Amino acid sequence: MNQKLLFILGPTASGKTACAIEQANLFHTEIVSCDSRQFYHELNIGVARPSLEELAAAPHHFIANRSVENPYNVFTYEQEALAKINELFQHHEVVIATGGSGLYINALRQGISILPDPAPELRERLKKQWAEEGLESLRQMLKMLDPDYYNQVDLANGIRIQRALEVCLTTGRPYRQVVSQPTKPRPFDIEVIVIDRSRDELRQRIDHRVDIMIHDGLEDEARKVFPLRHLNTLNTVGYKEFFQLWDISGEAFPLTSAQLTDVAVAIKLNTWHYAKKQLTWLKKYAIINP
């Protein structure tokens with residue numbers, strides 16, 4: 001049997017962790033995470049990090065292994081994750097990879113192209129446009145230059161939008177096309193399983209998971225990282241909704257029951273919007289039912 005990297009993919013709240021553990025136990029192997037927010041030990045409840053019981057059920061790698069103050073870039077992740085996978089292949093014929101972050105999944109599956117640096121004047125022009133005309137002007141430019149990536153990216157993440165525009169305008173090609181161009185053949189087989197759920201069921205699962213997060217203390221977790229909210233890593237659904245409320249006063253004050261309910265509603269809605277972007281990206285893969 002050839003060595004195989006088995007991807008367990010799906011939108012947020014679809015049940016990837018449970019499925020990955022089931023497959024890891026079936027093949028007596030280990031799991032490599034490609035979730036861009038579960039890398040960070042400060043983030044737990046809000047990123048649905050596997051529980052201690054789940055981590056004990058199958059060995060996991062790249063879970064809570066860094067600080068938000070020392071974030072991964074995708075190139076470093078690719079190198080470290082491939083080194084770990086090759087190490088695991090010394091003892092296992094199959095290794096499981098799971099997560100919902102398309103860029104990090106692509107890093108393992110096919111490699112990431114080295115993105116060109118823009119001319120300094122281009123970067124300054126985009127920064128000025130953002131400052132003077134607002135982020136929406138950059139969004140609309142991206143929508144015109146790369147509608148596929150526009151439908152995938154977090155539209156609140158201005159840094160990521162600006163970087164995509166820099167690549168589009170520097171190369172004359174859509175950003176998504178540049179970053180998805182295969183760069184390195186993999187010396188192992190790749191299989192992809194995508195968990196499929198109806199939109200109604202997925203929406204219900206998202207809402208239920210957010211309710212559990214709120215019950216388990218997401219407000220306290222968000223309060224602890226509030227002083228670090230300037231970091232791009234924390235521009236994340238589940239945290240930014242708290243930050244937006246607290247930024248009004250600059251203080252992470254205790255929320256009233258009504259305020260907490262409003263935050264929960266916002267997290268549910270933003271998570272659903274993110275899930276729909278993931279569903280669009282996942283259409284290229286074959287679908288199975290869990």
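1. The largest nonpolar core has 56 residues, and the members that touch the most others are Tyr77, Leu108, Phe242 and Phe243. A nonpolar core here is a set of buried Ala, Val, Leu, Ile, Met, Phe, Trp, Tyr and Cys residues joined through side-chain atoms within 4.5 Å. Buried means under 20% relative accessible area, exposed means over 50%, and partly exposed lies in between (1.4 Å probe, protein chains only). Two or more residues come from each of strand 1 (4-9), helix 3 (74-88), strand 4 (94-98), helix 4 (102-109), helix 10 (199-216), helix 11 (218-225), helix 12 (240-246) and helix 13 (257-282). Helix 13 gives the most, with 8 residues. Helices (H or I, at least four residues) and strands (E, at least two) are DSSP runs, numbered from the N terminus.

2. On the basis of the note: this is a predicted model, in which local features need pLDDT of at least 70 and side-chain atom pairs count only at pLDDT 80 or more, while totals for chains, interfaces and linings use all residues. Residues are numbered from 1 along each chain as its sequence is written, and side-chain values use heavy atoms, with hydrogens and water left out.

3. Phe243 can be looked at by its contacts (heavy atoms within 4.5 Å). Residues up to four places away in sequence aside, Phe243 touches Ala222, Val225, Phe226, Arg229 and Leu234. Another core, of 18 residues, lies apart from the largest one; Leu138, Tyr149, Val153 and Val179 are among its members.

4. Strand 1 is largely enclosed by the rest of the structure, because 6 of its 6 residues are buried. Lys4, Leu6 and Ile8 point one way from the strand, Leu5, Phe7 and Leu9 point the other way, and all are buried.

5. Strand 1 pairs with strand 4 in the parallel sense, over 5 bridges. Two strands count as paired if DSSP finds at least two bridges between them. Within this pairing, Phe7 stands opposite Ala97 of strand 4. Strand 1 also pairs in the parallel sense with strand 5 (residues 189-195), over 6 bridges. There, Leu5 has Ile190 as its bridge partner.

6. The whole structure holds 13 salt bridges. A salt bridge is a side-chain nitrogen of Lys or Arg within 4 Å of a carboxyl oxygen of Asp or Glu. One of them joins Lys4 and Glu191, whose closest N and O atoms are 2.7 Å apart. Lys4 belongs to strand 1 and Glu191 to strand 5, so this pair ties together parts that are 187 residues apart in sequence. Lys4 counts as buried at 16% relative accessibility, whereas Glu191 is partly exposed, with a relative accessible area of 32%.

7. Other salt bridges lie within a helix. Lys84 and Glu87 meet at 3.2 Å, N to O; the two are 3 residues apart in helix 3, about one helical turn. Glu87 is partly exposed, with a relative accessible area of 44%. Arg223 and Asp220 meet at 2.8 Å, N to O. Both lie in helix 11, 3 residues apart, again about one turn of the helix. Arg223 is partly exposed at a relative accessible area of 24%, as is Asp220 at 45% relative accessibility.

8. Helix 13 has 26 residues and reaches 37 Å from its first C-alpha to its last, close to the 38 Å expected at 1.5 Å a residue. That expected span is 1.5 Å times one less than the number of residues. The buried residues of helix 13 include Val263, Ile267, Trp272, Lys277, Trp281 and Leu282.

9. Lys277, in helix 13, is buried yet has no salt bridge, and the nearest side chain of opposite charge, Asp154, is 7.1 Å away. For charge, Lys and Arg count as positive and Asp and Glu as negative; His and the chain ends are not counted. Beyond its neighbours within four places in sequence, Lys277 is in contact with Tyr150, Asn151, Gln152, Val153 and Leu155.

10. Arg176, in helix 9 (residues 175-180), is likewise buried without a salt bridge; Asp148 is the nearest side chain of opposite charge, 4.7 Å away. Not counting residues up to four places away in sequence, Arg176 touches Asp146, Asp148, Tyr149, Gln152 and Trp281.
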